[in-house]
Amino acid sequence: MLQFRFIKASLLASKILTHSSINFCRGVPNCKGFRILRSQMGSFSTSSQSSKFLFRQLFEKDSSTYTYLLADVSHPEKPALLIDPVDKTVERDLSLIQELGLKLIYAMNTHVHADHVTGTGLIKGKVPGVKSVISKASGSKADLLVEQGDKIYFGDLFLEVRSTPGHTLGCITYVTGDGSDQPQPKMAFTGDALLIRGCGRTDFQGGSSEQLYNSVHSQIFTLPKDTLIYPAHDYKGFSVSTVGEETLYNPRLTKDEETFKNIMTNLNLSYPKMMDIAVPANLVCGIQSKA
Ligand SMILES: [Fe+2]
C-alpha cells in the first residue's frame, strides 16, 4: 500500500508536532528516495463544513464534466488537488486556486476519459511541481500510478483509492479518509463508475457490465449510507447524491446482476464524438506533443 504525502518542511521542526516516519517513495517513479515525516497536529474541527477542509465542485458544460477541488486550508501551505480537470477549463480552475491562496500538488483522474481531454497535461506545464495521478490499471502515463488501498495525502487530509473497474479497465474511486480528523460525512469521487441515478457505459475501453456491477456493489455501496457521491458527470442537473439514495433509487444498479447486464447490453449508445482524440491524449494524461 502506498501513501503519497505532502507536508511543508518547516512544519517538521515545529515543537507542536509529533512524528512518525513513513516511506514516501515506494513505487514512485523518479523519487529521490527520501523519507518524510508524518505530522500529527493538535485537535481541530473535522466536519466537511469546517474551516479545515475546502471543497469546490466545478463544471465544464460541453462534456458535462465535474472537476473537484479539495484542499487542507488549515495546513500552512494549503495543499490542494484537482480531480478530473478538463483542458478547456484549466485557466478557470488555476485562477480560482490562485485566488484562494492554495498550492496545487496533484492533478488526478478517475479514469482515461473518452469524452474530453484531461486538463492534467496543461496544468503540469503551467504549475511546476504538480504531479499527475491515475490508476496503474489504466495503462496511462502519470507521475503516480495508484491502486486499491493507496492513500493520497494533501496536508493532513487524505483520499483512499478504491478500484472500481467496469466502465473502463482502470476506473478508480477516490474516497475521503477514515478517521475523526477527516471530512464527515465521507465523500466518494466515483468517476463514471457510479453516476447519479445512472452509471458509465461498459461497451468500450475494456468495459464490462459484470465487473461494473461488482465494483459498485463491493466498493461503493458498502460505504456508509450518508457517504456523498460526487460523479464525473451529470446530464440532468444533479450535483450530488448519497450511497443510501443510490442503493434505493439507481434505476440500473438496484437491479439484480443479470437484469443490469441486459440493460447495459441494450443501451444502443452512439460512438463518442471525442473518443478518437480524447483517449490517445488521456493515455499520456493530456500532455501536449511538442512535435
Ligand atoms: Fe468515462
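Residues are numbered from 1 along each chain as its sequence is written. Because the model is predicted, local features need pLDDT of at least 70 and side-chain atom pairs count only at pLDDT 80 or more, while totals for chains, interfaces and linings use all residues.

**Exercise 1.** Determine the strand order of the open sheet of 6 strands, and state which strands form its edges.

Solution. Begin with the elements: helices (H or I, at least four residues) and strands (E, at least two) are DSSP runs, numbered from the N terminus. Two strands pair if DSSP finds at least two bridges between them. On that basis the open sheet runs in the order 4-5-6-7-8-9, with mixed pairing. Strand 4 (53-60) and strand 9 (144-146) are the edge strands, since each pairs on one side only. Within the sheet, strand 5 (residues 65-72) and strand 6 (residues 79-83) are joined in the antiparallel sense over 4 bridges, and Y68 stands opposite I83 in strand 6.

**Exercise 2.** Decide whether S135 is buried or exposed, and list its contacts.

Solution. First locate the residue: S135 lies in strand 8 (residues 131-135). A residue is buried if 20 or more other C-beta atoms lie within 10 Å of its own, exposed if 12 or fewer, and partly exposed in between, with C-beta atoms placed from the backbone. S135 has 29 C-beta neighbours inside 10 Å and therefore counts as buried. Next come the contacts, which require C-beta atoms, placed from the backbone, to lie within 7 Å. Leaving aside residues up to four places away in sequence, S135 touches L145, V146, E147, G170 and I172. The C-alpha atoms of S135 and I172 are separated by 6.7 Å, although the two residues are 37 residues apart along the chain.

Definitions and conventions: Two residues are in contact if their C-beta atoms, placed from the backbone, lie within 7 Å.
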